[in-house]
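Please look over the sequence and the structure shown here, and then follow the account through the two chains and the surface on which they meet.

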Number of protein chains: 2
Amino acid sequence: METILSKSPLFAGLKEEQIENLFAKIVFQTRKYDKGDLIASGGDECRSLMIVVKGSVKGEMVDYSGRVLKIEDIPAPRPLAVAFLFGKNNRFPVTISANESTELLIIPKQSVVFLMQTSETFLTNFMNAVSNRAQFISGKLRFLSFKTLKGKLAHYLMELDRQQKQTGEIQLMRTQEELAELFGVARPSLSRTLRDFHHQGLIKASGRKIKILNREGLLEDAFD
Amino acid sequence: METILSKSPLFAGLKEEQIENLFAKIVFQTRKYDKGDLIASGGDECRSLMIVVKGSVKGEMVDYSGRVLKIEDIPAPRPLAVAFLFGKNNRFPVTISANESTELLIIPKQSVVFLMQTSETFLTNFMNAVSNRAQFISGKLRFLSFKTLKGKLAHYLMELDRQQKQTGEIQLMRTQEELAELFGVARPSLSRTLRDFHHQGLIKASGRKIKILNREGLLEDAFD
DNA sequence: TCTCAAATGTAACAATTGTTACAAAACAAG
DNA sequence: CTTGTTTTGTAACAATTGTTACATTTGAGA
């Protein structure tokens, strides 16, 4: 357990022994979930910090009609709900469920406060984690603020390329189905837009390998 | 100055005298802006905490084609950029400009760290502020995740009603132009949707007074 | 290799939203 | 009250995206 935790962003910089000492002084529990199990519903009060110690979970926003916008996957050993433990509105913004057989470490808010007071490293880690969450969500927001599908797709492709060393050759890591869910659009719409880019000679798409042929043209076609 | 700051969420719980003492030990500056002045561009590095001490600023996301999604107004004495000072990606997610004649207090990151180490109150205030930011942005994200305009509008109206004591009588505080910007849609589209709701007898709209006549019907029509 | 399930391509049509342009109404200032 | 400006209502049409349905391709196992 401590081995996993020492790799978690919240406990980075602490030795396993130190982590062990800290945990000897606080209340916590672990809980197991099977694939598909509901962990928390959007709107639920958030009273504890949770850390994925095995498996992975996903967070999704669901609207009244049941439509889903996938926000992210959180694999071990990452924490979850860091940004919703403090502040005025302690509610999960997303519905969280298990992607697979998963184990969570659950630490009540009070114990988190204790950890922050006891370990300066934990405190700064926690502060950074909350900031990172805000930044991640901002990125999502920015992404959704692109109003056209072309815009989202162009931005996504170029962002992926930037992450994958700017070679212009992109390897998609998701199915179109998943991408469409991420973009909040229908799958055939995504497929169509991909094809349009291809037919305009802006990209070369074959299966999940995509090559950006014309960056400027892509931006130009997507925006304005 | 200290009088204003004592009302700021970051310095809440501190007496003016305490604030004065803290500021005697740190580096800071104030800067003035005229209406419309650019304060920071989206993507700029964020090295300092800023607090609006006079006037107000607005934050907007701008995409490549120049389309704008307004995120929020920040009036005095609120801080800005709290969630982007720490964490991995210290960049403004939004473009910030002055709504009117405005004065900002600018505190470099290092001094912020000093404040956190010196004043426990400031530390917890700061932590709460960052969490609140994450929660605010999540709310925005949730709002944008409603895919149809009907959905956004219905949600917005019912949320406003909740804030305004559930009377069913809503007083819009913004022009349709501003609302459309907030929703990320074209103004005539918003007007049309409002009229549709009206014609269906779900609401009664006269100018900026709106009466919700049929909550269930509203949700049903908006989210099928 | 063969088979089946999953993923992708595609088309026709519906629904929603954007664009543009102009008229009517509301509002503020003189 | 009058005038000029801002806001709102509205219509016609364009553009985008959703929906549904089916064909085709791909990929993992048997």
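The paragraphs below take up the relation between the chains, then their interface, and then some local details of the backbone.

The model is a predicted one, and local features are discussed where pLDDT is at least 70. In general, two copies of a chain are related by a rotation about an axis and a shift along it. Here, chain B is superposed on chain A by a rotation of 180°, with a shift along the axis of 0.0 Å and an RMSD of 0.1 Å. The two copies are thus related as by a two-fold rotation axis. Among the residues of chain B, the one whose C-alpha atom comes closest to this axis is Ala134(B), at a distance of 2.2 Å. Both copies use the same surface, since 100% of the contact residues of chain B recur in chain A.

How many residues does each chain bring to the contact? Chain B contributes 42 residues and chain A likewise contributes 42 residues. The size of an interface is often given as the accessible area lost when the parts come together. Between chain B and chain A the buried area is about 3900 Å², and carbon and sulfur atoms account for 68% of that area.

Which elements of chain B supply two or more residues to the side that touches chain A? They are strand 4 (56-62), strand 5 (68-75), helix 3 (109-118), helix 4 (120-145) and helix 8 (215-223) of chain B. Of these elements, helix 4 of chain B gives the most, with 17 residues on the side that touches chain A. Sorted by class, that side of chain B holds 22 nonpolar, 12 polar and 8 charged residues.

An unreviewed UniProt entry places the feature "domain: Cyclic nucleotide-binding" at residues 10-58 of chain A, a span that is 18% helix and 37% strand and whose end C-alpha atoms lie 19 Å apart. The UniProt annotation "domain: HTH crp-type", also from an unreviewed entry, covers residues 147-216 of chain A. Over residues 147-216 the chain is 54% helix and 16% strand, and the end C-alpha atoms are 19 Å apart.

Some details of the backbone remain. In chain A, the peptide bond that joins Ala76(A) and Pro77(A) is cis, with omega about 0°, and Pro77(A) is placed in the loop between strand 5 (68-75) and strand 6 (79-80) of chain A. In chain B, the peptide bond from Ala76(B) to Pro77(B) is cis as well, with omega near 0°, and Pro77(B) lies in the loop between strand 5 and strand 6 (79-80) of chain B. Ala81(B), in the loop between strand 6 and strand 7 (95-98) of chain B, has phi near 75°, a positive value in a residue other than glycine.

Gly55(B) belongs to the loop between strand 3 (48-54) and strand 4 of chain B. Leaving aside residues up to four places away in sequence, Gly55(B) touches Pro75(B), Ala76(B), Glu100(B), Ser101(B) and Thr102(B). Ala76(B), one of these partners, is also the residue from which the cis peptide bond to Pro77(B) runs. By contrast, the C-alpha atoms of Gly55(B) and Asn89(B), which are 34 residues apart along the chain, are separated by 28 Å.

Conventions
Residues are numbered from 1 along each chain as its sequence is written. Chains are lettered from A and ligands numbered from 1 in the order in which they are written. This is a predicted model: local features need pLDDT of at least 70, side-chain atom pairs count only at pLDDT 80 or more; totals for chains, interfaces and linings use all residues. Side-chain values use heavy atoms; hydrogens and water are left out. Copies are superposed by least squares on the C-alpha atoms of residues with pLDDT of at least 70 in both. Contact means heavy atoms within 4.5 Å. Buried area is the accessible area (1.4 Å probe) that two parts lose on being put together, summed over both. Helices (H or I, at least four residues) and strands (E, at least two) are DSSP runs, numbered from the N terminus. Ala, Val, Leu, Ile, Met, Phe, Trp, Tyr, Cys and Pro count as nonpolar, Asp, Glu, Lys and Arg as charged, and the others, Gly among them, as polar. UniProt positions are given in the numbering used here, feature names are shortened, and annotations may be inferred rather than shown by experiment.
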